[in-house]
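Please look through the structure shown here, which is a predicted model. The paragraphs that follow take up its strands, its rings, a pocket and a few backbone details in turn.

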Amino acid sequence: MEKVSSLSELGFADDVHRALFRPIHQAAPPSPTSRRTKISVIGAGNVGMAIAQTILTQDLTDELALVDAKPDKLRGEMLDLQHAAAFLPRTRILASTDYAVTADSDLCIITAGARQIPGETRIDLLHRNLTLFKEIVPPLARHSPAALLLVVSNPVDVLTYIAWKLSGFPPNRVIGSGTNLDSSRFRFLLADHLEVNAQDVQAYMVGEHGDSSVALWSSISVGGVPVLGQLASDDNKAAVVMEQEVLERIRKAVVDSAYEVIRLKGYTSWAIGYSVASLARSLLRDQHRIHPISLLAAGFYGIPSDRQVFLSLPAQLGRSGVLTVANVHLTDEEAAHLRHSAATLWELQQKLDL
């Protein structure tokens with residue numbers, strides 16, 4: 001019997017991919033690959049160091065560069081990691097206040113950001129972060145013109161837009177961590193409620209990272225079984241109402257969970273470290289995995305094409321950054337929430353001096 005090497009030979013349509021995913025406009029090809037991989041982390045605070053530590057333990061890079069404005073703390077963090085060399089994969093660890101140390105990076109991860117002062121307005125905080133990003137992004141782009149930029153600093157969606165504008169990079173090479181961690185929290189809480197493994201739960205939070213994020217209830221599935229669709233087919237309609245109420249409480253719990261961690265330990269670090277490491281793996285190892293990350297959302301799901309806002313959507317990631325955006329079905333209500341978030345961010349961006 002002749003072996004079949006592809007589904008095309010069995011008559012599976014070649015254009016199925018185009019039906020499932022939408023292309024990224026003005027996308028640039030991946031940068032030339034090198035034998036050694038380099039990641040730079042900007043900001044040696046709790047989040048930046050959790051990301052650095054996770055990247056090291058997962059053996060995701062050959063060279064790790066750390067940048068921070070505080071030289072003593074930065075050198076201390078570098079030495080602390082270097083002293084663990086006997087227990088880690090062989091990785092060269094560098095640190096400096098000079099952005100030249102990031103030269104020829106494959107991926108630059110920005111965690112630095114100004115914290116909100118009590119009584120400070122959101123737009124005032126954004127202006128302070130804009131000033132900070134004007135010091136960070138241009139030298140990163142200059143020293144690593146072929147790199148991918150991954151913004152983790154909050155408010156992540158607007159700051160990713162700022163990083164894109166300041167870098168001059170094509171939009172597929174600038175992303176924000178967005179709702180990747182929110183979606184992980186969502187999956188954990190759903191799995192806990194349904195008594196299954198979180199890896200068997202397919203569920204996304206999309207839109208603006210934060211209080212207005214949108215839970216895609218219509219696309220939740222467990223082991224391939226659509227949860228709400230299965231409930232709707234039951235005779236007991238009360239079960240549908242009950243479960244929808246439970247899901248809304250879970251959505252609210254997802255939004256509040258970061259605040260709970262901050263209340264208890266003062267900051268979040270480990271979960272975002274693992275979340276960003278998963279993004280780094282998908283990007284640099286060209287895994288084509290789908291993550292809900294902050295990307296240029298203009299033209300998707302009814303967002304006007306002339307409104308250049310960054311929002312989280314499920315996207316396929318690879319060596320050139322964002323490859324495609326998954327064509328996930330949204331209900332009218334979910335799409336309306338997404339467009340409302342886009343309008344709010346667009347209005348905010350108009351007040352920035354870019």
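Three strands make up an open sheet with antiparallel pairing, and their order is E8-E11-E12. Strands E8 (201-202) and E12 (225-226) are at the edges of this sheet; each has a single partner strand, so one side of each is left without a neighbour in the sheet. Strands of a sheet pair through backbone hydrogen bonds, and the pairing can be either parallel or antiparallel.

A parallel case is found elsewhere in the chain. Strand E3 (residues 63-67) and strand E4 (residues 92-96) run parallel and are joined by 5 bridges. Here Ala 65 stands opposite Leu 94 of E4. To get from E3 to E4 the chain passes through helix H3 (residues 71-82), and this β-α-β crossover is right-handed.

The next topic is the aromatic rings. How many aromatic pairs does the model contain? The count comes to 2 aromatic pairs. One of them is formed by Trp 164 and Phe 310, a tilted pair with 5.7 Å from centre to centre and 55° between the planes. Trp 164 belongs to helix H5 (residues 156-167) and Phe 310 to strand E14 (residues 310-318), so the pair ties together parts that are 146 residues apart in sequence. Trp 164 and Phe 310 are both buried. Ring pairs also bring in Tyr 161, which forms a cluster with Trp 164 and Phe 310. Another contact with a ring involves a charge: the charged end of Arg 173 sits over the ring of Phe 169, at 4.2 Å from the ring centre.

The loop that comes between strand E6 (148-151) and H5 holds Pro 155. The peptide bond leading from Asn 154 to Pro 155 is cis, and its omega is near 0°.

Now turn to the second largest pocket, which holds about 570 Å³ of space. Its lining is made of 21 residues, and those nearest the pocket centre are Asn 180, Ser 184, Arg 187, Ser 278 and Arg 289. Which elements give two or more residues to this lining? They are helix H6 (180-194), E8, helix H9 (270-284) and strand E13 (289-296). The most comes from H6, which gives 6 residues to the lining.

Asp 104 is not a glycine, yet has a positive phi of about 65°. Asp 104 lies in the loop between E4 and strand E5 (107-110). The other residue is Tyr 301, with a positive phi near 55°. Tyr 301 is placed in the loop between E13 and E14. Are these two residues buried or exposed? Asp 104 is exposed, with a relative accessible area of 62%, whereas Tyr 301 is buried, with a relative accessible area of 12%.

Notes: Residues numbered from 1 in each chain as written. Predicted model: local features only at pLDDT ≥ 70, side-chain atom pairs only at ≥ 80, totals over all residues. Heavy atoms only, no water. Pairing = 2+ DSSP bridges. Helix = DSSP H or I, 4+ residues; strand = E, 2+ residues; numbered from the N terminus. Phe/Tyr/Trp six-rings, centres within 6.5 Å; stacked < 30°, edge-to-face > 60°. Buried < 20%, exposed > 50% of the residue type's maximum accessible area, 1.4 Å probe, protein only. Lys NZ or Arg CZ within 6 Å of the ring centre and 35° of its normal. Right-handed = clockwise from strand over helix to strand, strands pointing away. 1 Å grid on protein atoms, 1.4 Å probe; cavity = no way out; pocket = protein on both sides within 12 Å on 5 of 7 lines; lining within 4 Å. Points joined across faces, edges and corners; volume = space filled by probe spheres on them.
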